[in-house]
Amino acid sequence: GACSVGSGGGGGASHIAGAIAHFLASNAPNKSFRVTKLDASALALMLCGAIKMSDIGHAYADPEVHVRWSELLEEELYQQGDIEGPMGLQRSYLMDRKKPGVTKSQVGFFDFIVRPLVVAWAACFPESRELTSRLEANLEHWRRTDNPDHTPPKASTSGGSEQSTSHTPHTLSTLSGTLSGEKKPATVRG
């Protein structure tokens, strides 16, 4: 569909993160604008972003929930591979028990799919910035799991995440208020 939900490999999330970043760059060169009206394509982009954020929600859940979710997903995919093999089908990516699974690919998943989307989302909806610190904590878990000698980065003295964006809290604040029910609905031009 339009949001590429379930496209596999997170390609839809990367596309949406890039589209949000482009939208911000082209509409906020001074990083301090407020949206009062949205055209249909901007509204569709934000709604697709919301679907993708929900789809990867485990990535910014509490660490014990996220790790358990990842383990269960890995087992589910392995079970699918267990069915594919005897049928003479090539086992799909991450579904072969003889190869690294989901829990061994989390660092790349976070670096290339999750972080770009969540950072772009937090730039649009500042109230969701808390999610970036949660995903960073989960990413650190996977880095330590993959490399026990891994040393976490030093905490920022500025009080914000080193991965945060340079966009101000005003970025799309009217839209975020609209979606949370705080302001009157955005006008959609079509």
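Me: Leu94, buried or exposed?
Reply: Buried, because its relative accessibility is 18%. Buried means under 20% relative accessible area, exposed means over 50%, and partly exposed lies in between (1.4 Å probe, protein chains only).

Me: What sort of model is this?
Reply: This is a predicted model: local features need pLDDT of at least 70, side-chain atom pairs count only at pLDDT 80 or more, and totals for chains, interfaces and linings use all residues. Residues are numbered from 1 along each chain as its sequence is written, and side-chain values use heavy atoms, with hydrogens and water left out.

Me: Where is Leu94?
Reply: In the loop between H3 and H4.

Me: What about Gln80, which element is it in?
Reply: Helix H3. Gln80 counts as partly exposed because its relative accessibility is 37%. Gln80 and Ser92 are 12 residues apart in sequence, with 8.5 Å from C-alpha to C-alpha.

Me: Zooming out. How many helices and strands?
Reply: 6 helices and 2 strands. Helices (H or I, at least four residues) and strands (E, at least two) are DSSP runs, numbered from the N terminus. The order along the sequence is α-β-α-α-α-α-α-β.

Me: How much of the chain is buried?
Reply: 39% of the 190 residues.

Me: On to H5. At what angle do H4 and H5 cross?
Reply: Roughly 170°, with the axes of H4 (residues 106-124) and H5 coming within 10 Å. Axes are lines fitted to C-alpha atoms, for helices over the stretch in contact, and angles run from 0 to 180 degrees between N-to-C directions. H4 is therefore roughly antiparallel to H5. The cut-offs: under 35 degrees is roughly parallel, over 145 roughly antiparallel, 65 to 115 roughly perpendicular, and the rest oblique.

Me: Which residues make that contact?
Reply: On H4 they include Phe110, Val114 and Val118; on H5 they include Leu135, Leu139 and Trp142. Contact means heavy atoms within 4.5 Å. By class, the contact of H4 with H5 has 10 nonpolar, 3 polar and 5 charged residues. Ala, Val, Leu, Ile, Met, Phe, Trp, Tyr, Cys and Pro count as nonpolar, Asp, Glu, Lys and Arg as charged, and the others, Gly among them, as polar.

Me: And H3 against H5, what angle there?
Reply: Roughly 55°, with the axes of H3 (residues 63-84) and H5 (residues 130-146) within 10 Å. H3 and H5 are therefore oblique to each other. Pro63, His66, Val67 and Ser70 of H3 meet Asn138, His141 and Trp142 of H5. That contact of H3 with H5 has 3 nonpolar, 4 polar and no charged residues.

Me: Which H5 residues are buried?
Reply: Leu131, Thr132, Leu135, Glu136, Asn138, Leu139, Glu140 and Trp142. Their cover includes H2 (40-55), H3 and H4.

Me: Last one: what does H2 touch on H4?
Reply: Leu117, Val118, Trp121 and Cys124 of H4 meet Met46, Gly49, Ala50, Lys52 and Met53 of H2. The contact of H2 with H4 has 7 nonpolar, 1 polar and 1 charged residues. The axes of H2 and H4 come within 11 Å and cross at roughly 130°.
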